[in-house]
Amino acid sequence: MKFKVIGAGLAGCEAAWQLAQNGYKVSLYEQKPLKKSPAHKSDLPAELVCSNSLKAARLDSAAGLLKEEMARLGSLLVPIARSCAVPAGGALAVDRDLFSAAVAEKIKNHPNIEYITAEVEAVDDDEDTVTVIATGPLTEGKMSAAIEKLCGGYLSFYDAAAPIITADSVDMSIVFGASRYERGGEEDYLNCPFNKEQYESFINELVNAEGAVLHDFDVYEGCMPIEKLAKRGLDAPRFGPMKPVGLVDPKTGRRPWACVQLRRENSAGTMFNLVGFQTNLKFGEQKRVFSMIPGLENAQFVRYGVMHRNSFLDSPRLLNRYFQLKSKPNVFFAGQITGVEGYMESAASGIIAGINAARYAEGKPLFSPSDLTMIGALSAYISDESVKNFQPMGANFGVLPPIEPKIRDKKERYAALANRALDALKSDMS
């Protein structure tokens, strides 16, 4: 059996490392410096193209828990990042040049890794080759076309997403569960009712909020930012995504003046998205303005709305939780192309893909940590067939099953979730 990893970003390096550490010879392909995307500057692998921060370091944070889980699974990158750290308060930030150089040294000097500089334009049909595709969110050209063909066209070229909030931060004394015209169960949607005064105040803040700059992104009608729709006229959202028709607020017995619907984001019902609220507002403005929605005054956002170019798979239709392509089991995907969002999330998916590429070749049962872990919960999210209109997701405590009974103090609750996750991972690995 031969092993090939395409792409030497964070995910590809972790996947190749897992295979190599398990004693397998692996070919790691990287197109730089022969070809670079507009985002890439360095010739080195594992380039950090945006921020040099890998987010929070403390264990009682989602990002800190993720890194600790990765370290316990034999991560290449987490120990290197810790050794290249620069002062950044409570975050783990790195000297990006030292970080990439250290990764390059480890990768290129591993006796089981052949580092090949070449642009890969096709995916092997050979069933004796196990391939991990980790080409990143800027995949383009012939490789993009090859992935589209392999996946039956399930590849998105934009990321136009509405915000996602935690279910337990919604004020259910205001919000009510119902589907329009009673078509469906009460759990299908939550509804945030506006009276006329609340609606007009909300629209005024929405149209005057500060937006982010759009780069190389053409918005089409079905993907229009909610703030752009509101600028068409005061009642435009009320006849669009905020229409109240078919809904009756049980607290008043009347139809609201307007309504924001929240739709379940995952099968566990721990997260909801704001239906029709794709937006280009800055994150701080989203928090400020969307917290004016009745019932969302204390909403905890696990993902803000974004609009930018991004290539990613419709993973719930294509991948299982092992990051394996359902239709072609000797092909695995890793990194942001799978719908995980963030440096370390991408790297974590590479670890799981690498572990499972080896286990597949050995005929062993594939491995995924429990849903109680951060890595396991993200793996479950990207493969959850109940997720519609799939959008990328980063590490957050909203993806984990809640602690019962609920711990009201947030710091204590997060610490308990982290301890539970590490206990579950220890059990998974034993």
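Ala46 is found in the loop between β2 and β3, where strands (E, at least two residues) are DSSP runs numbered from the N terminus. The model is predicted, so that local features need pLDDT of at least 70, side-chain atom pairs count only at pLDDT 80 or more, and totals for chains, interfaces and linings use all residues. Residues are numbered from 1 along each chain as its sequence is written, and side-chain values use heavy atoms, without hydrogens and water.

Ala46 has a positive phi, near 50°, although this residue is not glycine. Ala46 is buried, at 0% relative accessible area (buried is under 20%, exposed over 50%, partly exposed in between; 1.4 Å probe, protein chains only). Lys55 also has a positive phi, near 70°. Lys55 lies in strand β3 and is partly exposed, at 44% relative accessibility.

Two cis peptide bonds are described next. Lys32 and Pro33 are joined by one, with omega about 0°. Pro33 sits in the loop between β2 (26-30) and β3 (53-56). The bond from Glu404 to Pro405 is cis as well, with omega near -5°. Pro405 is placed in the loop between α11 (374-382) and α12 (410-429); helices are DSSP runs of H or I, at least four residues.

The structure contains zero disulfides (a disulfide is a pair of cysteine sulfur atoms within 2.5 Å). The sulfur of Cys13 is too far for a bond, because the closest cysteine sulfur, in Cys84, is 13 Å away. Cys259 is likewise in no disulfide, and the nearest cysteine sulfur, that of Cys192, is 6.5 Å away. Cys13 is buried, with 0% relative accessible area. Cys259 also counts as buried, at 0%.
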